[in-house]
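Work through the exercises below with the structure open. Try each task before you read its solution.

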Amino acid sequence: MSTSKRPMSPYMLGPYYKFQITSVLSILNRLTGVFMAVVTAPLLLCWLIALASGEQEFMALSAWLAGGLGKLVILASVFSFSFHLCGGIRHLIWDAGWMLEISQVRFSGWIAVVASIVLTVVVMGAGL
Amino acid sequence: MNMQNPLARVRGKGSSGGGVHHWRSQRYSALILLVLTVWVLWLGVSLAGADYATAISTMSSPVHAGLAILFAGAVFYHTWLGLQVVIEDYVHIAALEFALLMLVRFACLLAFLISAIAALKLVLGA
């Protein structure tokens, strides 16, 4: 096909571009979103179904969540939620037309990284 | 102002003009989720490791049932829109792309319906 011979821009995550906070946070926002779509949201749905089904089902899910894999899934979910939340707030700020200078974008990026780690620690520390 | 050649428009070329709706829907659902974050974090922390009776008594409140249904609606709508963009960006086999888009749409709708029915069952005590 003739279109395949057109020049293409190098792939963003290959060896041609240096990793930068802008591109890394962009892809992480997607990855955390996809993780929540595939793992966290179905887990919340299972929790609601188990609760509506009866005590036996609910206790079975609770026991699984208290185990090693369950705790890992909860930690990954809380971090994904915190990160996607902070990334989403950044997007909403940009949509309002604010903080669009490259120095401000880098600054808000580091704020988002720190804030999402702090929120994860606070929520996990609060008992989840 | 329309910058498009009228002939191009007749031939159906160029943007469909539907992008703003998708973009705006994603932001509106994000704003709803941003507000509900306070509620869902409180719920998660207060019900972490809770026994069946405590969880039932919390979720049988009409306020929590309503918030849960609204949250489920916003979550699965936002999930649908987000996964749609990811699939459109990375899946380049037309048939597979179409199948995945339909699957995501169906799964998100079904997940919302099941959430809403479960929340209603808890509040109505059926």
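**Exercises on chain B**

The mean pLDDT of chain B is 92, and 93% of its residues reach 70 or more. This is a predicted model. Its scores are ipTM 0.89 and pTM 0.89.

**Exercise 1.** Find how many helices and strands chain B has.

*Solution.* Start with the count. Chain B holds five helices and zero strands. Next, read the order from the N terminus: α-α-α-α-α.

**Exercise 2.** Compare the radius of gyration of chain B with that of a compact globule of 126 residues.

*Solution.* Take the reference value. A compact globule of 126 residues would have a radius of gyration near 14 Å. Now take chain B: its value is 20 Å. Then check the spans. Along the principal axes, the C-alpha trace of chain B covers about 65 × 35 × 25 Å. Finish with burial. Of the 126 residues in chain B, 19% are buried.

**Exercise 3.** Among contacts in chain B with a separation of 6 or more, find what share joins residues 24 or more positions apart.

*Solution.* Keep the contacts with a separation of 6 or more. Of these, 75% join residues 24 or more positions apart.

**Exercise 4.** Describe the side of chain B that touches chain A.

*Solution.* Count both sides. Chain B gives 24 residues to the contact and chain A gives 22 residues. Locate the chain B side. Helix 2 (19-47), helix 3 (52-59), helix 4 (62-90) and helix 5 (94-124) of chain B each supply at least two residues. Helix 5 of chain B has the largest share, seven residues. Last, sort by class: this side of chain B has 16 nonpolar, six polar and two charged residues.

Technical notes: Residues numbered from 1 in each chain as written. Chains lettered and ligands numbered in written order. Predicted model: local features only at pLDDT ≥ 70, side-chain atom pairs only at ≥ 80, totals over all residues. Contact = placed C-beta atoms within 7 Å. Helix = DSSP H or I, 4+ residues; strand = E, 2+ residues; numbered from the N terminus. Nonpolar A, V, L, I, M, F, W, Y, C, P; charged D, E, K, R; others polar. pLDDT = per-residue confidence, 0-100. Rg over C-alpha atoms; globule rule 2.2 N^0.38 Å. Buried ≥ 20, exposed ≤ 12 C-beta atoms within 10 Å, placed from the backbone.
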